[in-house]
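Dear colleague,

I am handing over a structure that may be new to you. Please find it below, followed by an account of what was found in it.

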Amino acid sequence: MLRRIGVTHVVSPLSSFFSSVASARRLQMTAVSASQAREHADAPGAVEMNFLQAINSALDLALSKDEKTVVFGEDVAFGGVFRCTLNLSKKYGSQRVFDSPLSEQGLVGFAIGMASAGWKPIAEVQFADYIFPAFDQIVNEAAKMRFRSGGHFHCGGLVIRSPSSAVGHGGLYHSQSVEGFFNHCAGIKIVMPSTPSDAKGLLLQCVEEEDPCIFFEPKRLYRSMVEPVDPGYYTIPLGKGKILCEGRDVTIVTYGAQVGVAMKAAERAAQEGISVELIDLRSLKPWDREMVTQSVRKTGRVIVTHEAPKTSGIGSEIVSCITQDCFLSLEAPPMRVCCLDTPHPLNEQLYLPNELKVYEAIKFITGY
Amino acid sequence: MFRKSSHALMHSGGLFRTPRPLCRALQEALTKAQSVWNLDFGGTPTVDELTFHQRKYPSTPMFHVLDLDGRVVNPKQEPEVPKETLIKMMEAMLRQQSIDLILMEAQRQGRISFYMTSMGEEASAVGTAAALDMRDELFLQYREAAALTYRGYTVKDMVAQCMGTIENELKGRQMPIHYGSRALNVHMISSPVATQIPHAAGTGYVCRLENERETDPNKKRICAAFVGEGSASQGDFHAGVNMAATMKSNTLFLIRNNGYAISTPSSSQYAGDGIFARGIGYGIPCARVDGNDILAVFQTVRKARELIRTTNQPVLVEALVYRSSHHSSSDDSTWYRSREEVEVFSNLFLPVARFEKYLERKSLWTPEQSRSLTQKVRQETLAELHRQEKLPKWPVSSMHDDVYKEMTPEMHQAQKELEEHYERNKKEYNM
């Protein structure tokens with residue numbers, strides 16, 4: 001019941017928060033050079049899609065491409081609580097698009113069993129906050145299956161997709177960014193896109209991967225972020241970041257919904273003559289260490305920002321690698337702008353690494 | 001059956017009351033609504049007398065075929081089993097017993113790091129394996145090596161895994177007794193208990209979908225998961241069996257109830273009618289069988305497989321056995337149960353001897369064959385130990401393999417650094 005309430009609340013189209021995010025999107029389009037922004041949006045017949053529609057398109061194409069692909073999870077059959085699976089059950093049948101009982105360890109374990117038999121299950125965990133009941137199945141089983149069997153068994157066809165991150169009023173259990181917990185686990189891959197086009201291409205790549213993948217979807221972007229998306233089938237390789245705008249004074253490394261926040265901060269800094277290079281990692285494990293290294297060697301300064309809490313967040317790993325790779329280039333200590341080291345409160349205005357905090361970090365590090 | 005017994009227990013001598021005509025509207029309304037709850041009251045959705053239901057005593061009896069002397073108790077229930085299968089079952093149990101004896105001693109001598117035997121539980125594993133098809137996918141817990149032996153896993157394979165030598169195709173990454181074989185359709189064992197149960201539900205779902213498309217009946221297959229009664233306390237047990245039920249997976253859940261989870265007796269593990277009763281709660285067919293009676297296990301599993309295939313439901317079978325050995329080479333069971341208990345129950349049940357008497361009575365086996373096979377397998381196991389002790393382990397260059405299908409650039413770099421480190425310090429690593 002609590003989840004149901006959360007769901008209803010979360011998808012309110014009247015939320016003013018969405019307006020500010022849409023505004024962030026417009027800024028992003030302004031700042032990014034045309035060729036980079038429209039990586040898959042310039043295709044002939046590109047269609048306006050929001051984030052959830054891009055996900056739906058990816059799932060539709062995956063299901064049509066391979067009859068051993070299935071999509072399932074809690075409430076998936078009717079279209080899903082964020083409508084990402086709308087119409088798929090009607091189109092592909094209830095054996096391939098179906099509801100599971102309400103058990104995350106069950107549905108992930110079930111998916112591992114399907115993948116170990118050669119199928120491609122795309123399992124949905126309704127909110128990233130509820131992936132922890134499946135943590136043992138993911139960490140002890142999915143991630144280690146190929147290794148422990150010397151390559152003779154694997155569940156490479158497994159994809160787990162899950163709504164993630166803040167949404168304005170999700171409180172403790174509808175707002176979490178949990179990628180840091182899994183980053184410490186060899187054997188799985190982790191993706192968190194920030195745009196509809198990237199979401200579609202990266203999700204289809206996850207389906208094609210022969211390693212288990214966790215695909216996090218920043219849920220506040222589901223309806224608010226719209227762009228032209230190639231309606232056809234395409235993939236974007238894992239492990240490749242994306243430079244959203246080039247700059248010479250400071251590098252910002254981020255991913256997910258935080259990309260929009262960083263873009264607004266960069267725009268504000270630009271008005272004061274500070275030139276920011278903004279990198280969207282998109283793929284977190286593996287991540288594009290080379291792109292980040294080259295950028296920081298050029299700018300000499302780096303801010304890593306993500307919504308997950310600061311201590312032991314992915315930013316720690318990135319900063320440690322930057323220090324090792326770019327030691328002689330660094331003109332200021334690498335900085336991290338993240339959520340506080342507290343659980344996610346209902347009132348998150350001062351909790352989130354918002355535009356003001358990122359802007360202040362830019363000012364601080366360029367003035368070091 | 002469960003409800004009838006329950007009813008009889010609570011209302012012995014009483015008559016079920018006929019609903020009053022006044023309640024017809026209520027009965028009809030609830031009957032119409034019952035599908036909302038996925039229930040079927042059979043026309044009588046309510047009672048006007050409050051009853052709390054409990055089933056504890058008497059426990060559901062177990063099916064058996066042979067008595068302790070290997071005699072068939074009810075000729076009508078004697079399963080028709082091909083002679084070759086009977087002999088193969090006997091050989092598999094004796095082979096496993098012999099291997100266990102040698103490898104447990106090897107652990108005591110420090111030649112392998114860890115071991116777990118199947119003592120006393122050979123019949124439940126072999127009877128199950130014999131009743132299944134070779135293409136059926138098996139998910140083991142860890143005390144079912146005899147099922148692998150039945151399928152053709154060799155002494156060489158077992159020793160290679162227990163020693164982690166270069167001949168272990170699994171690359172020596174897991175503790176001893178964590179066997180697996182893609183060729184034999186036996187999934188790799190892992191230590192976290194019960195995790196294989198939802199896997200078996202998912203694989204069983206794949207079996208169901210593929211069976212529905214398969215036109216050749218001989219190519220249809222099921223999935224089977226072996227579970228200890230302690231593992232059944234894990235959340236994954238609930239998740240896996242429940243999901244197999246709702247998804248109509250072609251899965252057999254074979255519960256080895258041997259009375260102990262390491263030191264924890266079943267009185268601390270559950271209070272219901274064993275694990276059997278839980279399957280009833282998930283709405284699937286269940287059976288309880290004498291796990292020391294290989295013919296009873298065989299017949300039950302064979303019927304279970306037919307039921308799974310013909311009704312698209314998972315089936316749960318609880319085999320009652322006794323763990324004659326310590327839990328593992330790291331356990332001394334005299335700390336929590338008396339030697340007398342172990343001696344009495346071990347000698348009382350003797351699953352291998354029981355079946356041997358049956359075969360002898362049918363002139364299919366002789367004591368000399370047991371002695372001969374036992375001696376041969378012990379010598380074979382010892383010879384393999386000696387031979388493989390001289391073999392190298394997997395090379396340092398393999399340490400980063402198989403984490404992913406392909407190595408990432410960072411893993412390539414880490415592997416290179418490790419090999420360079422090893423080359424610089426080779427003498428200090430005793431490899």
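The account begins with the sheet of chain B. Six strands form an open sheet there, in the order S2-S1-S3-S4-S8-S7, and the pairing is parallel. Strand S2 (186-187) and strand S7 (286-290) of chain B are the edge strands, each pairing on one side only. Here helices (H or I, at least four residues) and strands (E, at least two) are DSSP runs, numbered from the N terminus, and two strands pair if DSSP finds at least two bridges between them.

Some points on the source are needed at once: this is a predicted model, in which local features need pLDDT of at least 70 and side-chain atom pairs count only at pLDDT 80 or more, while totals for chains, interfaces and linings use all residues. Residues are numbered from 1 along each chain as its sequence is written, chains are lettered from A and ligands numbered from 1 in the order in which they are written, and side-chain values use heavy atoms, with hydrogens and water left out.

Within the sheet of chain B, strand S4 (residues 251-257) and strand S8 (residues 315-320) run parallel and are joined by 6 bridges. Leu252(B) has Val315(B) in S8(B) as its bridge partner.

Chain B as a whole has 14 helices and 8 strands. Its C-alpha atoms fill a box of roughly 90 × 60 × 50 Å, taken along the principal axes. Of its 431 residues, 50% count as buried; buried means under 20% relative accessible area, exposed over 50%, and partly exposed in between (1.4 Å probe, protein chains only). Among contacts in chain B with a separation of 6 or more, 73% are between residues 24 or more positions apart, where contact means heavy atoms within 4.5 Å.

Helix H14 (residues 409-424) has 16 residues and reaches 23 Å from its first C-alpha to its last, close to the 22 Å expected at 1.5 Å a residue; the expected span is 1.5 Å times one less than the number of residues. Which residues of H14(B) are buried? They are Met411(B), Gln415(B) and Tyr422(B). These residues cover an arc of only 40 degrees around the axis, which puts them on the same side of H14(B); the arc is that of the directions from the helix axis to the C-beta atoms. The face turned away from the buried side carries the exposed residues Pro409(B), Glu423(B) and Arg424(B).

Turning to chain A, its secondary structure comes to 14 helices and 14 strands. Of its 368 residues, 64% count as buried. Residues at least 24 apart make up 83% of the contacts in chain A between residues at least 6 apart in sequence.

Strand S11 (residues 276-280) of chain A is mostly covered, with 5 of its 5 residues buried. Val276(A), Leu278(A) and Asp280(A) point one way from S11(A), while Glu277(A) and Ile279(A) point the other way. S11(A) pairs with strand S9 (residues 242-245) of chain A in the antiparallel sense over 3 bridges, and Cys245(A) stands opposite Leu278(A). Strand S10 (residues 250-254) of chain A runs parallel to S11(A), joined by 5 bridges. The bridge partner of Ile252(A) in S11(A) is Leu278(A).
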